[in-house]
Structures are given as C-alpha cells and as structure tokens.
Amino acid sequence: EAVKATPGQAVNMVLLPKFLGILPFDQADRGAQEAAKELGSTGTYQYIGPTPENSAAGQIEMLTTATTQKQNVVMLSNNAGDQIAAVAEAAQAAGTKVVTWDSPIPSGKGESLFVAQVDFGSIGTVMADMVMSMTGGAGEFAVLSASPDAANQNAWIEAMKKVLAEDAKYKDLKLVDVVYGNDQSEESYNKALGLVDKYPDLKVIMAPTTVGIVAAAKAMQDEGLCEKVKVSGLGLPAEMVSYTMNGCAPEFALWSFVDLGYLTTYTSYLLATGAIKGEVGETFTAGRMGDFTIEADPGREGAKRVLMGPFTVYNKDNVEAASK
Amino acid sequence: MHPQTLRILALAAALLATVLFFSTQIDGYLSERMFTRISTSAAVILPIAVGQAIVVITRNIDLSIGSTMGVVAYLTGDYLSGHPELHPVLVLCLAMGIGAGIGAINGILVAWGRVPSIIVTLGTLALLRSFLVEYSDARTITTASLPQWLVDLPQANAFSIFGIDVRVTVVLALASAVVMGLCLSRLRAARRFFAVGSNPDAAVMAGINLPMVTLLAFVLSGALAGLSGFLFLAKFGNITVVAGMGFELKSVAAVVVGGVSILGGSGSMVGVVIGTVLVDTIDNSLTRWELVSEFWRDALLGFLIMAAVTVDTFMSRQLSRLSRKES
Amino acid sequence: MSLAIEPGEIHAIVGENGAGKSTLIKIMTGVHQPDRGEIRVGGVAVTLRGTQDAQGAGIAAIYQEPMVFPDLDVAENIFISNRAESAVMNWRRLYAEADLLVAKLGVKLDVRRAASGLTLAEQQTVEIARALSLNVKVLIMDEPTASLSAHEVARLLDIARALRAQGVSVIYISHRLDEIFQIADRVTVIRDGSHISTKPIAEVTPEGLVHDMVGRAIDSFAVKTEASPHGAPVLQMQGLGRAGVFRGINATVHAGEVLCFAGLVGARRTDVALALFGIAPATEGEIKIDGAPVTIRTPAEAMAHQIAYVSEDRRKMGLAMTLPIFANISLASLGKLMGLFGLINAKAETAMAETYRKQLAIKSADTRVEVGKLSGGNQQKVMLAKWLETKPRILIFDEPTRGIDVGAKAEVHNIIRTLAGQGVAVIVISSDLPEVLALADRVLVMREGTQAGLLPIEEASQERVIGLAAGHDMKGAA
Amino acid sequence: MKLKSWEGMLAFLFLLTLVANAMLAPEFLTLQNQINLFQLSIEKIIIALVMALVIINAEIDLSVSSVLGLAACVFGYLVHIGVAAPLAILAALAVGPVAGLINAVLIARVGIPSLVVTLAMLIGFRGVARILVKDQSMGDFPQWVTDLGQKGFLGPIPLSLWLFVIFAVGLGVLLHRTGFGRQVVVIGTNAEVARFSGLDVARVKTTLFLMASSMAALGGVLYAARLGSVRGDAGVGFELDIITMVLLGGVSIFGGKGSMAGVILSILIILNLRNGMALTNITGHIQTGVIGILLIVSVLGPNLWERLRRG
Ligand SMILES: Nc1ncnc2c1ncn2[C@@H]1O[C@H](COP(=O)(O)OP(=O)(O)OP(=O)(O)O)[C@@H](O)[C@H]1O
Ligand SMILES: Nc1ncnc2c1ncn2[C@@H]1O[C@H](COP(=O)(O)OP(=O)(O)OP(=O)(O)O)[C@@H](O)[C@H]1O
Ligand SMILES: [Mg+2]
Ligand SMILES: [Mg+2]
C-alpha cells in the first residue's frame, strides 16, 4: 500500500544542483517549490548551488555546510563523482539525509536514495535506437559528451555500449569515438567538427548533454552537413526546436526536469519525516505524479533508486508544442 | 634585423612546422575545409587576444576578458531577442560598447584607483560572472530568438580565393588585428602604450598621461572582447552563463606565444595573429589526429605550447646574437 | 624658498646630498605638488598638476636618474613627449631628426636600436636630446654630467651656452664645481631644503661656495692624498677580453695600489669590471689572483676571491630601493649573519648597519629607512657600505662619486685611500678626470674596447689622458 | 609602515567577519564547523602559503592546481592498480619535485617568464592526470588513508590542519627570519641587484618552484585522503582562489613586498567569509562576487583613503 505524506511537517530542505544559471536546474527548482508548497512544509527550502567553474569543490562545501546547519535533507544533483561520498556519509551520520537526483553518487555511498529521471539502462537503449533510426540501421557514429567526469553521462554511455554489444540488431552500428566538450559551446562546437573531419563516414553525433547537442547541431548547420551527419541526444525542446524542424537534429530525448524536482522533493519529505525508511520495496504517493516504488538500482550495486520515467522522444511532430 | 622581426620569423617558422607536421598525420589536412575550420575558430579568439595584447603591452593584464565576452554575448543576444530589427552595424556597436563600458570600469580602477590590474580583473572576472548568473535567471539565449542575418553570419563568405573561402567573421577579426596593428605602429597616441609598459615612471616624467593611457588600453580591450562576444553569439547562437569561460587563459596563451612580452613594452599584432592561429591550430589538429586519444590531447597541447615558446625563445635569442655579430 | 631665473641665463644650483635640489626640480616640473607658494613663468602664475602642465608652460627637465624606455628605439625615446610631432608617425623623418640631434651632441649612437642595454651615459644622452627636441623656455638639468666624461661634458656645456644664447633659461645642478665656474651666470646654494644664497658667479669662490653648502669649511677638498706603498701583485689581467666587447687588457693591480680606468663614454671600462666580477665573464686571456690563474664565471665566484664591485647604476644593479638600509648593507654578506637553520641574527645585522651609518655619515634617522627615500649621495654610501662589509681584497669602484656632493666626495676619496692603505687592491673607473688624477697610482686609458695606454700617475696629465682616450695621441705620435 | 597598517586593516576585517558570523549563524562557533572551515579548503591554504613566497619573489605559479590534480591522480591510479598505499603516497609526493623541476628549469635556466611556463603547464600537467585516470573515478583507498584525511589526529584536529599550522609558522620564519627569505625578498625587489650582490638567483627560484610544486603534490595527497576518491578534475581552478588569498594578504604582485602574517589573515578572512555566507544560505555566485569585491576594495579603499588624507 502506498504511503501518503502528512503535510505540514517541518522539514528543512536544500536543493543542490550541479551549478546555477542554466535552465534544467531552474526547472527542477520550480518543481521542487511546487511540491514543497503542496506539502505545506513548515521548514525552510533553499535552492543554492556553486558556480560552474567551482562545481565539484563547491558542492562538497555546500553539502558540508548543510550538515553543519543540521538540514534535514539535501537533494543533490551530484557533479563531484565519488569525491563527495565521504562528505555525504558524514552528513548521513549527522542526521542529514542525502537524496540524489539527475546524477547520483556513483558508488552509492552516503546516498539514501537516487531519484532517477529514467532507467539508465533504457537511456542506453533509447540512444542506440535513435542512432539506429537516423542511420537507417548501419554506419558510424560518435558520442560528444559533457566532461569525462560527468557521472550520469558516463553511465549512459556505458549502458549504450552494453546494449550495442549485446543486441544483435545493432551489430552494424559502429561507435567510433567518445569526445568531450566540457559543456562549453565553443569546445563542443569544435569537437563536433573535429569528429566530422576525423571520420568522413560519420553519420550521427550522439550528444547526451543539452549544451553539446545544441552546439553540435549548430556546427552541422553552419557547415551545411545536416544532410550527411545527424545530431541526436538529450536536449531541451526550447533550445532544439529550430534544429529539429530543419532536420539537423531530427530526434532527441528528454524528461521533465520540473517533474524530477517535484518527485525528488516528495521523496525527500517522506524520507525526512520518517514516513518511508528508504528500503527497497516501499511504495509511496508523490502528489500529482502518482505512486512510486523504491527499488534496487540495477546500475549501481547496493544503491537504491526511485524511477521517475518515462522520457519523451522529441521530433518535428511534438517539439514545437514542447518548446513553448 | 630588428629583434621583433626575428621573433615573428621564428613564430612563423613554428606555425609552418606545425602545419607541415599535421599534414603528414591527418588525411586531407591541407584543404580548404580545414582552412575554414581553423580560421573561423581562431576568429572568435583573435579580437580578445588583440585586446589582451594591448593591455599586456601596457604592463597590465586583463583576466576579466572571458567574462566580459560572456556578458556581452548574453546581453547583446538578450537585447536582440526584444529588438530583432536593430541594424547590424548598431548591433556590433552595441556589443563593442558594452565591452568598452566594462573595460572602462576595469581601467578606472586600475588607472585612478591604483589597484594592480591582476587584482582588479581577478575581481571583475568573478563579479561579471556573478552578475550574469543573477541577471540571466537561468534563461538561455537561443538561435531562435536571434535575427536571421546574425544566425547566417558565420557562413557568410566575404570572398574566395583559389577556392578558399574567407568568412565574414574571419575578416572582421582580422580587421580588428590589422587596424590595431596599424595604430600601434603608426599612431603617436598608440605608441604611448609601449612607453607606459616599457617604463611607467619615465612615462610620467615624460609628460604622458599614464592613467589616461591605461584607461584607453582597458577600454580597447573591453571593446575587442565585445567584438569577440558578438562573434561568439553569431557563431554559437546558444548563450548560457558559462559563455566565454576560460577565454582569459586562452587569450593570455595566444598573446605570450605570439611573443608579446608579459613584462610589458613590446609586442606586435602580427605576432598575436600568428600566436592565436598557432595555438588554435594545435588545439584543432589534435582533435583530428588519429594517433592521439581524447585523453592525451590536453597533455600534448600544454607541452606543445611550452615547446613553441621554448623554441621561440632559443631561436630569437640565437638569431639576435647572429645579427649582432654581423653588425 | 624663492628663486628667480632670468631669461637667457644659466643658473646653477648647488647643495649637499639631500639638500633638496632634486625635490625642488620635481616641483618645478609638476611631478610633486608644492605645499605652499607659487611658480610663475614669464610673470604668470601657473599650477603644475602634472608633467604635461610643466611642458605646456615650457619647462623641461633632464633628471638625475635617466628615464628611458628600454623597449622603444632611441629615436622614439627622444621624441616620445614631443607635442609638436604629428599624430601619425613618420618614422623616416623621426630617425633623421634624431640622428641630427644626436650628432649635435657629438655622440655616436644608432638611433634605430632599442634603448635597452644603453649605458648610463648613453641614456643620459637620450635624455638631453629629448629635452633639446622640445621648444622650451626653461631647461632644467639635474646632474647631467654625473656619468659623462670630459669629452661629452664639454659638448654639453657648449649646448647649454647655445641655448642661453637663444634666450632659454637653463637651471644647472651639479656637484662638479669646476663646471659651475665654467658655465654658470649665477649660482644658488640650498641647504637642508632652504635657500641660503644667490650670487653672480664672479662674486663666489669655490671655498666660499662649499662653505655655504655645508655650513662649515672643508679642508680636504680636492687634495691629492698621499700614495700608499705598494705590496705584492694581487690581481693580474693578461690579454683579457670578451668576444665582441673588449680585448687585450694587460694590467696588474698591487696590494695598496689604486688603478684608475679612464676613457670616453662607451670605452667598455664597465665591461672589464663585469668580466672581473663574473657577470659577463671574459672569453679570452687570463686572470690571476696572487699569481695563480683563476676562472670567474659568476659573481659568487668573484666574491669567493674577495672581489667586490660597486656598480655605476645604483637603481638597476646597486640597491634594492624599496628595502631598508640595513637589508641593503647586509645583502652581500648574509652568510656571515646566518646561524642555525639559516636564521639571520637581526641584532648583529642592525649593529653592522649602524656602524656604517655612523662611519660613512649616511643621512637618515635610522637604518630602517627605505633606501629609495635617501638622496642620491646617501644611496651611494649605502652601496659602498654593502661592499665594504664583504671585506674585499680587490675592490672595483665604477663611478664611485657619481652624483655625490663635494663633502661626500672627499669622504669617498678618503675611504678609497684608506682602503688602499690597508692593502686592498683598488680599481676605480671614473669619468671625472680630476678625480682620476687625484686618486690614481696608475691610469689605464681605454678606447673602444682596447687598452690605449697604461700610465704611471707621474706621466698622466689631463691632456695626455684625453688624448689617449680620444685617439689624438696616436696622431700626435705619428 | 604601509604594510603594518595593511595587516591592521586585515586583522580588523577578520574580527568583523568573526563577530558578524557569530551573530548571524548560530552554528558558526561549533568546533566541527571551525574544523570544517579549514578542512574544506586545506589544500588551497597550504599552497597559498608557498605561493606567497613565489609571488614575493616576483614570480607566479599557475600550475599548482594541476600538479595537485596530477599527484592525486597518481595516488589514485597506483592504489587502483594494486600498489601499496604507502608506496603510492611516496610516488604521488614525488610528482611535486619532478613537476617543480620542469617549471624551474624553464623559468630559472632557460629564462621564460613564469606566467608563460606555468600557464602552459597548467594545461600540460592536468593532461597527464587525464591520461592516467581517463573518465574514471578512483577510490577505495585503505581505511587508514581516509581516516588520516578525515578524522582527528591528536585530538579532534585533523592532520592537515596541523600541517597548515606547522607550515604557516615554518614558512613565516623562513620568509622573515632566514637568509633564504631575505634572498627571496631581494630577488623579488630587483633580481639584477641580487645578481650583482652575488646571490644565486636561479637557485633561489628553483628552490621556490620546487617548494610550490611539492606543496601542491602534498595537497594532492591530502585531497585524495580527504575525499576518499579522485578524478581527473581534482583541484581544477584552485589557482585563482590561491592567488586571491595571497594578493588580499597584501603581497605585491610585482614582488618584493608582503608578509606571512598578512597572508594568514587573508586566508582566515576568506575562509570565514565564505563559511559565514554559506551558513546564512548565500548562494555560490554571490559568494564569489563578494570575494571579488573584497579583493578590489581591500586595495582600492586604502588607496582612496590615502588620497583623501593627502587632499
Ligand atoms: N619619496 C621621498 N619620501 C620622503 N623623503 C624623500 C623622498 N625623496 C627624497 N626625500 C628626502 O628629501 C630630501 C631631499 O632629497 P633630494 O633628492 O631633493 O636631494 P638632492 O639635493 O637632489 O641630493 P643629491 O645631490 O644627493 O641628489 C632628502 O633628505 C631625501 O631623503
Ligand atoms: N645588467 C647587465 N649585465 C651585463 N652587462 C651589462 C649590464 N648592464 C650593462 N652592461 C654592460 O655594461 C656596458 C656599459 O659599460 P661600457 O663598458 O660599455 O662603457 P664604460 O666605458 O663603462 O662607459 P661609462 O662607464 O662611461 O658609461 C654595456 O655596454 C653593457 O654591455
Ligand atoms: Mg638630486
Ligand atoms: Mg661604465
């Protein structure tokens, strides 16, 4: 039976994104605020984050501070990899729950739960499928990722490699390279062009990062290569609409960050109030989004997740509506 | 021969060697396409490298130049999304104007506040970025909100020779370098940059208005960062708060490889152009080199820059020794 | 302080080191602002907020410490502040005019070379040319001849006279009284920042002037001190040379002897000293110390042989201007002060500095004062103290009395003589011929990097030395 | 004299921060918070102490954060491939002298400006770290390593904080009381004067760059121990924070001037200010902005004051 939240309890919450200033995290903040209001939490809600150039160290610092402040729960989109594990463990020991969302702690250490936007394994499948449909089933493609340190991107790429190796229907797809644009337009743009030059037969650039996918699409458009090399990956409809309409990036996927923030806040509230223990098998209701069950995270041994899903694949039929 | 001329020759030789090396390593390296790639990529950096060079010549440094560029790209894009009908020339003026304004703040603090430039610009580097995060409210400027002429600008050809396309952005960037280069060698007022950087005390004694010259250098550097910001906006279309991050170090790298003395007083725009192109060529070529995996690129880039500077130091030292013997 | 300078007059200002001459000049040129009083040019009161104002009012100056732009070429250095020049550079004309000006000064100088690496004298030439290029009403020269040799001094004085003839007022500051008497129309004495006297030159005598300057009579003025008996040869140079710079220096300095290097500007005397001191080591010939050949490649090696070099350029090579006196004095002998873990014995250091402050009469409240705040002469003494503390056996003085007042000059001469008396082998490089003749036991004359002659003091006359230095001597002999 | 008033001003600023923090944030004065406050930036602050000497010597070392990253990655990599932790620590520490020597040779012997050399090496050393760890995260260090980095050592104070105290005192004495420190200052004031006084300029500079890199390597090991895991981006961007600390401490970027007391005060101010802002929930970019303003105003303020006083 699904646990329901008792509104009006005092839970002090911190939403800690990778860094401030870009759209997806702001959307998550919106969702989190919506949930916090619904829950009528009498505690505080903070949306704080580091600067982009100081992301990993800043997150570690902010998690430590939240522990000192005896916050009840910190909702973390982790950008520090396992480097944050020790601090997260210390937070748990001091009574501050750490719930990750968007990007987990790879080892699962110090993490109560991970609110997964989608199943990481299935992102691998979706990415492979999108390549499949764009190449027509055979050909070379490359990945343009964020940074080599981005845990969620790395997990997705791994998942995709696994799917490619295991499922015979992808046998004619060839992943030729993985490069990193460090989530900077300029670097991503140049890397995308570099891929095209290095692999003349390249058919798809798969960019599982919102910055990378736009930069790659722009690069292909600028070089008039949209017919030859398609771009795909994970992107925001608002930023991708023109490239989808003109065929440079006919297909890409994403989930709702608003919902992710909303669900994360519900989960965190329930966990902090003790309504759920964070054990595998527990089921709870997250407001408008319905019921969710805590399960073992298949990608990370010993870690637990709440799976939001599904995500939307955008193409020229639905992208315009979504970009409004 | 003049030591500066020798410097340029050494640099040009290094660039030639780099290009020759990569042409043996990468198929189709010496092609029109590669020219377009590298020229358009270097074009975004060139104006800020030129601006940085002017500041460095006056024995200062502008570390806020990347943030300035980001702020300009963002604000210009933001304004354009509300006023798409603005004339292109005015857009360019707007971008350079915002940059110049930021440069003026730096310049005033350095010139009249007597705060060392590294401190001022280290401070404004952070401040401008903070401002942008605060101002942008996490909105992204997208190509969709920009006027079409701007989105098309990066592909616009200025002219073609021997099948090589020279893009408008490249011409704009080069024009900034050429104009500044001519000013620096021909205009009496611009010669003061060198005087001030060479010996600030003597400059004061010689009746040069030191604060004014310093201010001018920063305003120019800001305006040129504005030009870079404009090119950045045109080229990438999507501007977030991280736009231009890390460009301060890129510009310093281009300037020092280009033979501008980091201690002030000497340097040439020809050198800066070659330096910028050299660094960018190495960077762009490494991404295309089969033998090098993604994870080796940074190490190679760093050591190649170092090698270029070391060779340049040895060569220009050797050459100037030779020429001294001749005379 | 009141001072009226007539048009077309050469007005000398004299005073002890630290009397405030340079400070006065800096006020006149707008570098410093006066606390009270006013400046009038041609009867009109002017406020000089900066050097531009001063230039606008027709005042230009040649400063005591030459101010050149090392990265700019000589021609540009000369015309840098010239408002009459066009906005767009005409390099060809610039070089031509610069060539003309330099030629007028009688110096051989490539105006297209960068100013870095110019000798002090050459830098001074640039300064003078710069001032001449301006159309000035008042030209101030703050010790312009301090690093010039007789030949250039004569030129400079001619130029000053020419300017006077054109109605320009020249303010001329110098510690070389002979020049003052040659050229000045009137002379003003200042002491401790106050005006003491202004008299027509005809009404003053050297002794009277000195009395006014120091407030008492000086007896040791320009008197040749007694030669000390020479000991064993300490330093021998045999065919010493450095490729492309100088060659063929053959001389021996004995314990207790003073060997003076004379020559024109750029004769490469300093380079010989730099070779001996290991800064720019010799590439030819041999250096022997106490008869044994040695190689000297670094200053540390030179110092290990107890060689000391008191450099001619205080600002660049001599003193750390922003550091206190004591730190400068102890600089070359830090090893002596260091104890366990390299800790400096602060008490011993202060005591060491105090000793010299008293012994050399360095004018300052204590030894914690920044050296840069001292007047030129006192800075010179600090530099001297630094090297005396290394207890050298071979002491090289490069222009030791450059910019030093008569009183201090006598003191320095005394010190040099005393050191020689204690058995130190002394080399003095000086462009001040009377000084050379007063100090030397033997005079080595250099010309264009070669040894033009080595004269015992008995044979060294003013004419002979100048002749050798300029190359007339050979003509005379031929 | 100017220096004295500078330190006075910093001390005042420090007290002000303390009082404000204590009043605004109830958690501020807890022992754990005080330890965290140092612990979170420990690598930066020990490097800042050496950087002060480098800058007083009129040089700069931009490569420290990359050396830190490289040492951390060497340690992580070696443990990862099964090398015993003590050996791995030694190897990581050895990164310091090796990197320092490369910098030093190019700067002190070849004569390339340190800004140029260390800028290139900032990219280069980071690149080598990347070659080692690629896109991986390397952790699972032995318990004693992470304990050393995270737990108290002699009481509740962690090892790294003891090290900071020892280095602060040691480097303070080195700079202000020893012959080496004097040489550093003189060379920073005027290297030519130092050379003409028989000082071995190249050797002093070499020593300093070796010290800076060695400290950075030590910082790398501490970083790994503190976080229990390393990645290729360990310590990215630390150099700007480190330089900010040094400059706010009153060290002249032109060399020759500065005191260890000033640098320590400046470190205390920045750490406390950041901590106070974090405890009062001020977000990252505002924190950065405030430090930026502080940096400028701390130099501008006294200058304007001086100007006003003189009329
Ligand atoms: N920046 C300064 N701050 C404080 N005192 C100074 C400063 N500069 C010079 N002084 C002092 O002012 C006095 C006058 O110095 P000034 O340089 O004018 O002397 P001078 O007459 O030119 O001596 P010299 O013949 O040695 O050049 C000296 O006592 C000197 O110590
Ligand atoms: N920092 C330095 N390091 C090495 N050499 C130097 C340095 N500074 C100057 N020199 C050398 O010292 C020389 C200056 O003295 P030089 O021997 O040419 O003339 P001089 O006879 O001493 O003339 P005067 O002393 O009258 O100016 C320069 O030519 C230069 O080569
Ligand atoms: Mg004077
Ligand atoms: Mg000389």
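**Figure 1. Charges and overall form of chain A.** In this predicted model, the 25 positive and 39 negative charges of chain A have mean positions 2 Å apart. Lys and Arg are the positives and Asp and Glu the negatives, with His and the chain ends not counted; each charge is placed at NZ of Lys, CZ of Arg, CG of Asp or CD of Glu. Along the principal axes, the C-alpha atoms of chain A fill a box of roughly 60 × 40 × 40 Å. Chain A has a radius of gyration of 20 Å, which agrees with the value near 20 Å for a compact globule of 324 residues (taken over C-alpha atoms; the globule rule is 2.2 Å times the number of residues to the power 0.38). Its accessible surface is about 10400 Å², and 51% of that belongs to carbon and sulfur atoms (Shrake-Rupley method, 1.4 Å probe; for residues, only the protein chains shown count as cover).

As for ground rules, residues are numbered from 1 along each chain as its sequence is written, while chains are lettered from A and ligands numbered from 1 in the order in which they are written. Local features need pLDDT of at least 70 and side-chain atom pairs count only at pLDDT 80 or more, whereas totals for chains, interfaces and linings use all residues; side-chain values use heavy atoms, with hydrogens and water left out.

**Figure 2. Inside chain A, with a look at A:Asp102.** Chain A has ten helices and 14 strands (DSSP runs numbered from the N terminus: helices are H or I, at least four residues, and strands are E, at least two). Of its 324 residues, 67% count as buried (under 20% relative accessible area; exposed is over 50%, partly exposed in between, with a 1.4 Å probe and protein chains only). For contacts (heavy atoms within 4.5 Å) between residues at least 6 apart in sequence, 69% join residues at least 24 apart. A:Asp102 sits in the loop between strand 4 (97-101) and strand 5 (113-116) of chain A. Its phi is near 65°, a positive value in a residue other than glycine. Most residues other than glycine have a negative phi. A:Asp102 is buried, at a relative accessible area of 4%.

**Figure 3. Helix 8 of chain C and its cover.** Helix 8 spans residues 206-214, and C:Leu209, C:Val210, C:Asp212, C:Met213 and C:Val214 are buried there. The cover over these buried residues includes strand 1 (10-14), helix 7 (177-183), strand 7 (186-191), strand 8 (194-200) and helix 16 (406-421) of chain C. Just past the helix, C:Gly215 takes a positive phi of about 85°.

**Figure 4. C:Arg191 at strand 7.** C:Arg191 belongs to strand 7 of chain C and counts as partly exposed, at 25% relative accessibility. Setting aside neighbours within four places in sequence, C:Arg191 is in contact with C:Ala19, C:Ile196, C:His211, C:Asp212, C:Met213, C:Val214 and C:Gly215. C:Val14 is 177 residues away along the chain, yet its C-alpha atom and that of C:Arg191 are separated by 8.7 Å.

**Figure 5. The loop at C:Lys391.** This residue lies between helix 15 (376-388) and strand 15 (394-398) of chain C. C:Lys391 has a positive phi, near 50°.

Figure 6. Over residues 62-81, chain D is 85% helix and 0% strand, with end C-alpha atoms 30 Å apart. Residues 115-133 of chain D are 100% helix and 0% strand, and the end C-alpha atoms there are 27 Å apart.
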